Amino acid sequence: MVHDLPGVGEHLHDHVDVVQVVDAPDLTDLFGLSMAGMVRTVKGIFEWRKHRRGMLTTNFAEAGGFVRSRPEEPVPDLQFHFVIGKLVDHGRKTVFGHGYSCHVCLLRPQSRGRVQLASADPMQPPQVDPNFLAERDDMDRMVRGFKLMRRLLGQPALAGYGGRELPASAIAQTDEEIEQFIRNHGDTIYHPVGSCRMGNGPMDVVDAQLRVHGTEGLRVVDASVMPRIVGGNTNAPTIMIAEKAADMIRAAAH
Ligand SMILES: Cc1cc2nc3c(=O)[nH]c(=O)nc-3n(C[C@H](O)[C@H](O)[C@H](O)COP(=O)(O)OP(=O)(O)OC[C@H]3O[C@@H](n4cnc5c(N)ncnc54)[C@H](O)[C@@H]3O)c2cc1C
C-alpha cells in the first residue's frame with residue numbers, strides 16, 4: 001500500500017430507477033418483436049443506410065420529464081424516461097409484441113453504497129453494492145413517483161391506444177405493494193457516481209483540482225469525483241469535469 005485513503009470506493013450512489021411496461025399490440029409503428037415489427041425494422045435499416053432517416057434514427061428514450069414528487073419540493077426530485085418499446089430487465093429479456101415503457105428515477109438519493117476489492121488479485125472484478133433504497137425517504141419518493149408515472153400513462157393521449165400495464169407492476173396497487181414492486185425491480189439507470197468524492201474531509205478522495213489526497217502526480221477524472229449526483233443525466237456533466245480537468249492539468253504544466 002502506498003497511501004491509506006479510506007474514502008476510496010465509499011459514497012457510491014446512483015439514480016435508482018423503476019420501469020412500468022405497457023403492452024399495446026396495435027402500436028406496430030413502435031419497436032417490437034412481431035411480423036409487422038420485423039418488416040418495419042428491416043425497412044428502417046435500408047432507409048437509414050440510404051437516406052439517414054426513418055425509425056432507426058430514434059434514441060429510444062424519445063421523451064422525458066423532470067417532476068416534483070410533491071408540490072412543496074423546491075426542485076424536481078424525479079425524472080421520467082419514456083421508451084418506445086417494451087423494456088424488461090434492461091432489454092435482456094425477450095418480450096414479444098409492441099408497447100411502450102416509462103422509467104421513473106430518483107434524482108437526489110440519500111442512500112450510499114460502496115465499491116470494494118473482492119480479493120488481492122487485481123484481475124478479479126470488484127464488489128459493487130449500490131445499497132439502493134436504504135433510506136426511507138428514497139423509497140417514499142419512489143412510491144410517489146411510481147404513482148405519478150401510472151397517472152401520466154393513464155392520461156387520455158396515451159389511454160386512447162388501448163395499452164395495458166404488464167401484470168408484474170399492474171398488481172401493485174397499494175403503497176405497500178408498490179414498495180414491494182420497487183424493492184423487487186428497482187435498478188440502476190446507469191448513473192453511478194461518488195466513489196472518489198471531491199472534498200477536503202477525511203473521507204474525501206480528491207481535492208478541487210482532482211488530485212488524489214496524500215499522493216503526488218495522480219488525479220481522478222471521471223463521474224466518481226461528483227460529491228453528490230447531479231439532478232439529471234450524468235454524461236454531459238462528466239464531459240464538463242473532464243474538460244475542466246484538462247484545463248487544470250495544462251495550467252499546472254506551465
Ligand atoms: C447503458 C448506459 C446508458 C447511459 N445513457 C446515458 C444517457 O442517455 N445520458 C447520459 O447523460 N448518461 C448516460 N449514461 C451515463 C454516462 O455514460 C456516464 O455517466 C459516463 O459515461 C461516465 O463517464 P466516466 O468517464 O466516469 O466513465 P466511463 O464513460 O465508463 O469511462 C471509463 C473508461 O475507462 C475505461 N477503462 C475501464 N477499465 C480500464 C482499465 N483497467 N484500463 C484502461 N481503461 C479502462 C473504459 O473502457 C472506459 O472507456 C449511460 C450509461 C450507460 C452504461
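Helix α6 first: of its 19 residues, the number buried is 1, so α6 lies largely in the open. Buried means 20 or more other C-beta atoms within 10 Å of the residue's own; exposed means 12 or fewer; partly exposed is in between, with C-beta atoms placed from the backbone. Helices here are DSSP runs of H or I, at least four residues, and strands are runs of E, at least two, numbered from the N terminus.

How far apart are the end C-alpha atoms of α6? They are 27 Å apart, and at 1.5 Å a residue the 19 residues, 235-253, should span 27 Å, which agrees. The expected span is 1.5 Å times one less than the number of residues.

A word on the source. This is a predicted model: local features need pLDDT of at least 70, side-chain atom pairs count only at pLDDT 80 or more, and totals for chains, interfaces and linings use all residues. Residues are numbered from 1 along each chain as its sequence is written.

Now the whole chain. It has 6 helices and 9 strands. The C-alpha trace spans about 60 × 50 × 40 Å along its principal axes. Of the 254 residues, 31% count as buried. Take contacts between residues at least 6 apart in sequence: 67% of them join residues at least 24 apart. A contact means C-beta atoms, placed from the backbone, within 7 Å.

Domains next. Domain 1 is 16-110 + 126-188, and domain 2 is 193-254. Those bounds come from an automatic or database domain assignment. Taken over C-alpha atoms, the two centres are separated by 32 Å.

On to α2. Its 18 residues should span 26 Å at 1.5 Å a residue, and its end C-alpha atoms are 26 Å apart, which agrees. Which residues of α2 are buried? Asp138, Met139, Arg141, Met142, Val143, Arg144, Gly145, Phe146 and Met149. Their cover includes β1, β4 (78-83), β5 (97-106) and α5.

Arg150 also lies in α2. Arg150 has 18 C-beta neighbours inside 10 Å, so it counts as partly exposed. Its C-alpha atom is 9.4 Å from that of Ala170, 20 residues apart along the chain.

Then α5, residues 175-185. Ile178, Phe181 and Ile182 are buried there. Seen down the axis of α5, the buried residues fall within an arc of 100°, so they line one face of the helix. The arc is that of the directions from the helix axis to the C-beta atoms. Glu176 and Asn184, on the other side, are exposed. The buried residues of α5 pack against β1 (16-23), α2 (136-153) and α4 (167-170).

Two backbone points. Most residues other than glycine have a negative phi. Phe60 is not a glycine, yet its phi is positive, about 70°. Phe60 sits in the loop between α1 (35-51) and β3 (61-67). With 13 C-beta neighbours inside 10 Å, Phe60 counts as partly exposed. Asp89 also has a positive phi, near 55°. Asp89 is in the loop between β4 and β5. It has 11 C-beta neighbours inside 10 Å, so Asp89 counts as exposed.

Last, the ligand. Which residues are around it? Tyr190, His191, Asp222, Ala223, Asn233, Thr234, Asn235, Ala236 and Thr238. The cut-off is a C-beta atom, placed from the backbone, within 6 Å of the molecule. That shell divides into 3 nonpolar, 5 polar and 1 charged. Nonpolar covers Ala, Val, Leu, Ile, Met, Phe, Trp, Tyr, Cys and Pro; charged covers Asp, Glu, Lys and Arg; the others, Gly among them, are polar.

Notes:
Two residues are in contact if their C-beta atoms, placed from the backbone, lie within 7 Å.
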